[in-house]
Amino acid sequence: MTPRSKRLNTPQIVAIGVAAAVGAAVGVRFAFNGVCRKVNQVAFMPRTLNAVESKLEQRFAFNGEGIGFDLSGRPAAGELADRQTAGGLRALTGAWRETATTQAVHTQGYDGITLVAYTSRVPQPSAKWAVIAHGIRSNHRDTDCFAAQYAAHGYNTLQVDLRSHGESEGDLVGIGWLDAQDLLQWCHWLVQEYGEDVQVVLHGQSMGAAATCMAASADALPHQVKAAISDCAFSNFHEECESIMRPFGPLSAPVINTVQKAYTAHGGCAFKDASPVEAVKHAQVPMLFIHGEDDDFVPASMVHPLHDACTSRKQLLLVPGAGHCASHVADPRSYFNTVFAFCEQATA
């Protein structure tokens, strides 16, 4: 005899409903926390974000994008002999930090905020300048290894703190679009401070690379800017958000839309407007695009549309085995030989 199904009474139905609701809430909370951590990683919002540093990151002083070294220790004997190895790169940067005289300088952003950068002049008089822009959740100190290389090749350097980073003011991360306006301000500042004869190269990593692409394509770019180097730029910020949020499936779109609304409410642009791939269709100077083939933050696939869309003289360097903004560490020789051959041709 088949037992009859026991009917649930109202209190039991309520209890099961509450349990299911609690379970769903817990599941959603865990999912939401995961999304929030990912949003925090992307860091579109004002600077209220806390970075979680691993022991590896602390040892090498890597920011979230793998740029820079902790050079508190003395370089090993003989490392200066070859600055195109990882050890030589580390040693050269350490020596530059010990000997370079840096000076804090200021200019105003298009919206009136105070922007800060650090200049360093090479001993022999030079009209060449490298404007170096870091990536998200970073600052000018994380570009010291690039400043050291440029100085070794006779360039003065201006290392910027992008808005809402380092010592620069601003409550809103620029996602490249606002930062491009600020880079233009710095280029004009260099011309005003050091004269019409300066020759400027822009060099950016990640978000700084996206800003470099857009600044190098602006009508307001001064003619003293001769070349631009883009290292691991995203092609479009909205597409970058979609790429980062893809593991969260159906939660991705509503989260991106919510963050977008909050960002624009604080005075930011539409994510789709932060589009280096559209900007470089109007590139004003020769452009070198660099990307690590193993980049899992900004997919290496994004560099191909950028390179293809660029209408100025252009070059592409893909570095096997390199992660996000780590091509200069994975293969310093290829990276810097390519950079300075490109710059030499552009400034000749």
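Colleague: What should I know before reading the values?
Modeller: Residues are numbered from 1 along each chain as its sequence is written, and side-chain values use heavy atoms, with hydrogens and water left out. This is a predicted model, where local features need pLDDT of at least 70, side-chain atom pairs count only at pLDDT 80 or more, and totals for chains, interfaces and linings use all residues.

Colleague: How many salt bridges does the structure hold?
Modeller: A salt bridge here is a side-chain nitrogen of Lys or Arg within 4 Å of a carboxyl oxygen of Asp or Glu. Side chains of opposite charge can pair when their charged atoms come close. The number of salt bridges in the structure is five.

Colleague: Which parts does the salt bridge between Asp144 and Arg97 tie together?
Modeller: The closest N and O atoms of Asp144 and Arg97 are 2.5 Å apart. The two residues are 47 apart in sequence, so the pair ties together helix H4 (residues 144-152), which holds Asp144, and helix H3 (residues 86-99), which holds Arg97. Helices (H or I, at least four residues) and strands (E, at least two) are DSSP runs, numbered from the N terminus. The parts tied together are H4 and H3.

Colleague: Which residues are linked with Asp144 in a network of salt bridges?
Modeller: Asp144 is buried at 2% relative accessibility, while Arg97 is partly exposed at 26%. Buried means under 20% relative accessible area, exposed over 50%, partly exposed in between (1.4 Å probe, protein chains only). The network links Asp144 with Arg97 and Arg141.

Colleague: Asp111 and Arg163 also meet in a salt bridge. Is Arg163 buried or exposed?
Modeller: The N to O distance in this pair is 2.9 Å. Asp111 is partly exposed, at 39% relative accessibility. Arg163 has a relative accessible area of 3%, so Arg163 is buried.

Colleague: What is the N to O distance between Lys281 and Glu278?
Modeller: Lys281 is partly exposed at 39% relative accessibility. Glu278 is partly exposed at 43%. Their side chains meet in a salt bridge at 3.0 Å.

Colleague: What is the phi of Ile175?
Modeller: Most residues other than glycine have a negative phi. Ile175 lies in the loop between strand S4 (156-161) and helix H5 (177-194), and is buried at 0% relative accessibility. Its phi is positive, near 40 degrees.

Colleague: Where is Cys232?
Modeller: Cys232 is not a glycine, yet has a positive phi of about 70 degrees. At 0% relative accessibility, Cys232 is buried. Its place is the loop between strand S6 (225-231) and helix H7 (237-245).
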